[in-house]
Amino acid sequence: MKQVRLSPSILAADFTRLGQELAEAERAGADRFHLDVMDGTFVPAISFGADIVAAVRRVTALPLEVHLMVAHPERHLETMAEAGADWIIVHVEATAHLHRVLASIRTLGKKPGVAINPATPLVCIEEVAAELDLLVVMTVNPGYSGQPFIESCLSKIARARALLDRCRPHGELEVDGGINVHTGPRAVAAGADVLVAASAVFRTPAGIAAALAALRHALRGEQA
Ligand code: DX5
Ligand code: ZN
């Protein structure tokens, strides 16, 4: 079975002890970290910006994905690249010039990713699929952690897998939103390579290491 990558999202971490929580997740086998940047316009909430990305960059050696849930993402690419992003993910719904934005990310020496909301048809990213290093299928409406997985997105994950296999075999398929020990294995069965999880990693009573172990067990089809 393929090795699924786990990308804890810091959105549900305790920001007063972010360094310790990241270190714990790293020791427990996180593969990378996912940083949700929200502007209060593209999505209702405001989260954090480049200073936090740079702070995370200083305390971990793991690769960083920056998920830009912002209007006009083209205005923030350089700042996020300088802050230490390895992948920069923009929303297909947030820009009229997606092809240009992806090319700019590549020019900055970073890996381009596109995220697609539950209501947006997959065909909207088909023309740029060959340019992607990461395709992020949203399984919640972006804006908050702790929302339930939207079941109807499972078929989109499978169709996204087929699209990448056809147009971009080395591109990764990531699923973001409502991932836990129940939904994670189903997302992987539908074709996901990378799972993002915020509350299932940082908000379980058993703690971060146990939460990541439980996710790994679930993905292997074992009891936690
Ligand atoms: C949603 C964000 C997600 C979020 C996931 O707007 O893009 O990355 O942090 O949170 P959970 O895993 O709790 O659904
Ligand atoms: Zn995200």
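T139 is buried, with a relative accessible area of 0%; the term buried means under 20% relative accessible area, exposed means over 50%, and partly exposed lies in between (1.4 Å probe, protein chains only). This is a predicted model, in which local features need pLDDT of at least 70 and side-chain atom pairs count only at pLDDT 80 or more, while totals for chains, interfaces and linings use all residues. Residues are numbered from 1 along each chain as its sequence is written, chains are lettered from A and ligands numbered from 1 in the order in which they are written, and side-chain values use heavy atoms, with hydrogens and water left out.

**The surroundings of T139**

- T139 belongs to the loop between β6 (134–138) and α5 (154–167); here helices (H or I, at least four residues) and strands (E, at least two) are DSSP runs, numbered from the N terminus.
- A polar atom in the side chain of T139 is 2.6 Å from the backbone oxygen of G177. This is a polar contact, defined as a pair of N or O atoms within 3.5 Å; within protein, one must be able to donate a hydrogen and the other to accept it, and residues adjacent in sequence count only if both atoms are side-chain atoms.

- Two or more residues of the shell around ligand 1 come from each of β2 (33–38), β3 (64–69) and β8 (194–197). The largest share, 3 residues, is that of β2.
- There are 20 residues around ligand 1, and G143, G146, D176, G178 and S199 come nearest; a residue is counted as near if one of its heavy atoms lies within 4 Å of the molecule.
- A polar backbone atom of G143 lies 2.7 Å from an oxygen atom of ligand 1.
- The side chain of D176 has an N or O atom 2.7 Å from an oxygen atom of ligand 1.
- A polar backbone atom of A198 is 2.8 Å from an oxygen atom of ligand 1.
- Ligand 1 taken alone exposes 390 Å², of which the protein buries 99%. Accessible areas come from the Shrake-Rupley method with a 1.4 Å probe, and for residues only the protein chains shown count as cover.

**Cysteines**

- A disulfide is a covalent bond between the sulfur atoms of two cysteines.
- How many disulfides does a search of the whole structure find? The search finds 0 disulfides, the criterion being a pair of cysteine sulfur atoms within 2.5 Å.
- C153 is in no disulfide, and the nearest cysteine sulfur, that of C124, is 14 Å away. C153 is buried, at 3% relative accessibility.
- C167 is likewise in no disulfide; its nearest cysteine sulfur, that of C124, is 15 Å away. C167 counts as partly exposed, at 29% relative accessible area.

**Residues in other loops**

- Most residues other than glycine have a negative phi. H72 is not a glycine, yet has a positive phi of about 50 degrees.
- H72 is placed in the loop between β3 and α3 (77–83) and is partly exposed, at 36% relative accessible area. Between the C-alpha atoms of H72 and V90, 18 residues apart in sequence, the distance is 9.4 Å.
- Is A192 buried or exposed? A192, in the loop between α6 (183–189) and β8, is buried at 0% relative accessibility.
- A192 and I157 stand 35 residues apart in sequence, and their C-alpha atoms are 7.0 Å apart.
- F15 lies in the loop between β1 (5–8) and α1 (18–27) and is partly exposed, at 39% relative accessibility.
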